[in-house]
Amino acid sequence: MADHCEGCSGENCEGCANAAQQMEEEMKKVREQADMIKNVIVVMSGKGGVGKSTVAVNLAVSLSLAGKDVGILDVDVHGPSVPKLLKIQDADIKSDGEKIIPAEVGNLKVMSVGLVTADRDEAIIWRGPLKYNIIKQFIGDVRWGNLDYLIIDCPPGTGDEVLSVIQLLGTVRGAVVVTTPQDIATYDVRKSVSFCRKLNVEVLGVVENMSGFVCPHCGEVTEIFKSGGGEQMAKEMGVKFLGKIPLDPDIASSSDDGTPYVFRFTKAPTAKIIEEVFKPIKDL
Ligand code: ADP
């Protein structure tokens, strides 16, 4: 609501009427764009650092390499990782006069709050309504065009950002929930699953990331921590398990270099594992 309307009853107020009209126009743009996206997939996790952004980026790149029209929207307002993971931190975001043109990596369209903040090292202090508004703009005011998939990289937890995405887009095809095997992560991921249930969002599956360690020399997988926690949790919560992605130094170095693992390592054993994990999403 416009500031000058504060305290007014709303009746016969021109300011309120203008604000309502503006909101209706913005929502119309969001709905029009939403209609052009076949599958919106939210990638969630209960905890930070479990590899959610890595999974989101590799999923988006993998779908794009398979010939799908894909966009990735990073709504992690306080810690956007997608620009760095795709080495586009310095991308110059332009507009065509009507809409914002997303950054492109190959055919993959990318938008992130990290691409539009003036000082990229600056901490952003935004409350819920501001986050809702920027996410609304990132959907309705960005020229995504027709997409087979829009992958949404959400911040950890079940806060304003993921709620805004689901409320704005209305129809979300489903959620991919990322966890590590340890109890401390799976404990929180249960909340992500129940959050999806409350909002009628299908959990497409749980990914157990950093599950076992792949030796860079012999390729053998060693269970340095216990594995299977994500699988067990998925079973207990009655949701699908997509598979285990091992802790692989090549995944970490690819992320650091900004070259997605699935693009760089197509034939490695871990790449084959990741392909299997993503297959049910590709087959939607
Ligand atoms: P989140 O989005 O959950 O906070 P990130 O995707 O940013 O986590 O990943 C955190 C760190 O872990 C990154 O440095 C990333 O490269 C690394 N990482 C993620 N998954 C793996 C993996 N399977 N093997 C090795 N490193 C990984």
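Between which helix and which strand is the loop in which leucine 86 is found? Leucine 86 is found in the loop that runs between helix 3 (82-85) and strand 3 (94-95), where helices (H or I, at least four residues) and strands (E, at least two) are DSSP runs numbered from the N terminus. The model is predicted, and local features need pLDDT of at least 70, side-chain atom pairs count only at pLDDT 80 or more, and totals for chains, interfaces and linings use all residues. Residues are numbered from 1 along each chain as its sequence is written, and side-chain values use heavy atoms, with hydrogens and water left out.

**Residues in loops**

- Leucine 86 is buried, with a relative accessible area of 5%, where buried means under 20%, exposed over 50% and partly exposed in between (1.4 Å probe, protein chains only).
- Leaving aside residues up to four places away in sequence, leucine 86 touches Val57, Val61, Ile72, Val105, Leu108, Val110, Gly258 and Pro260, contact being defined as heavy atoms within 4.5 Å.
- From C-alpha to C-alpha, leucine 86 and arginine 143 are 19 Å apart in space, while 57 residues apart in sequence.
- Isoleucine 224 has its place in the loop between strand 10 (221-222) and helix 7 (229-237), and this residue is partly exposed, with a relative accessible area of 48%.

**Helix 4 with helix 5**

- The axes of helix 4 (residues 128-140) and helix 5 (residues 160-169) come within 9 Å and cross at roughly 45°, where axes are lines fitted to C-alpha atoms, for helices over the stretch in contact, and angles run from 0 to 180 degrees between N-to-C directions.
- That angle makes helix 4 oblique to helix 5, since angles under 35 degrees count as roughly parallel, over 145 as roughly antiparallel, 65 to 115 as roughly perpendicular and the rest as oblique.
- Helix 4 passes helix 5 in a right-handed crossing, a term used if the near helix is turned clockwise from the far one by less than a right angle, with anticlockwise counting as left-handed.
- On the side of helix 4 the contact is made by Gly128, Lys131, Tyr132, Ile135, Lys136 and Ile139, and on the side of helix 5 by Asp160, Glu161, Ser164, Val165, Gln167, Leu168 and Leu169.
- These contact residues divide into six nonpolar, three polar and four charged, with Ala, Val, Leu, Ile, Met, Phe, Trp, Tyr, Cys and Pro counted as nonpolar, Asp, Glu, Lys and Arg as charged, and the others, Gly among them, as polar.
- Serine 164, which lies in helix 5, is buried with a relative accessible area of 4%, and touches Tyr132 and Ile135, not counting residues up to four places away in sequence.

**Helix 2 with helix 10**

- The axes of helix 2 (residues 52-65) and helix 10 (residues 269-282) come within 11 Å and cross at roughly 65°, which makes helix 2 roughly perpendicular to helix 10.
- Helix 2 passes helix 10 in a right-handed crossing, and the contact is made by Val55, Asn58, Leu59, Ser62 and Leu63 of helix 2 together with Phe278, Ile281 and Lys282 of helix 10.
- The residues of this contact divide into five nonpolar, two polar and one charged.

**Aromatic pair**

- A search of the whole structure finds one aromatic pair, and the rings of tyrosine 261 and phenylalanine 265 have their centres 5.0 Å apart and their planes at 20°, so the pair is stacked.
- Rings of Phe, Tyr and Trp (its six-membered ring) pair if their centres lie within 6.5 Å, and planes under 30 degrees apart count as stacked, over 60 as edge-to-face and the rest as tilted.
- Tyrosine 261 is buried, with a relative accessible area of 1%.
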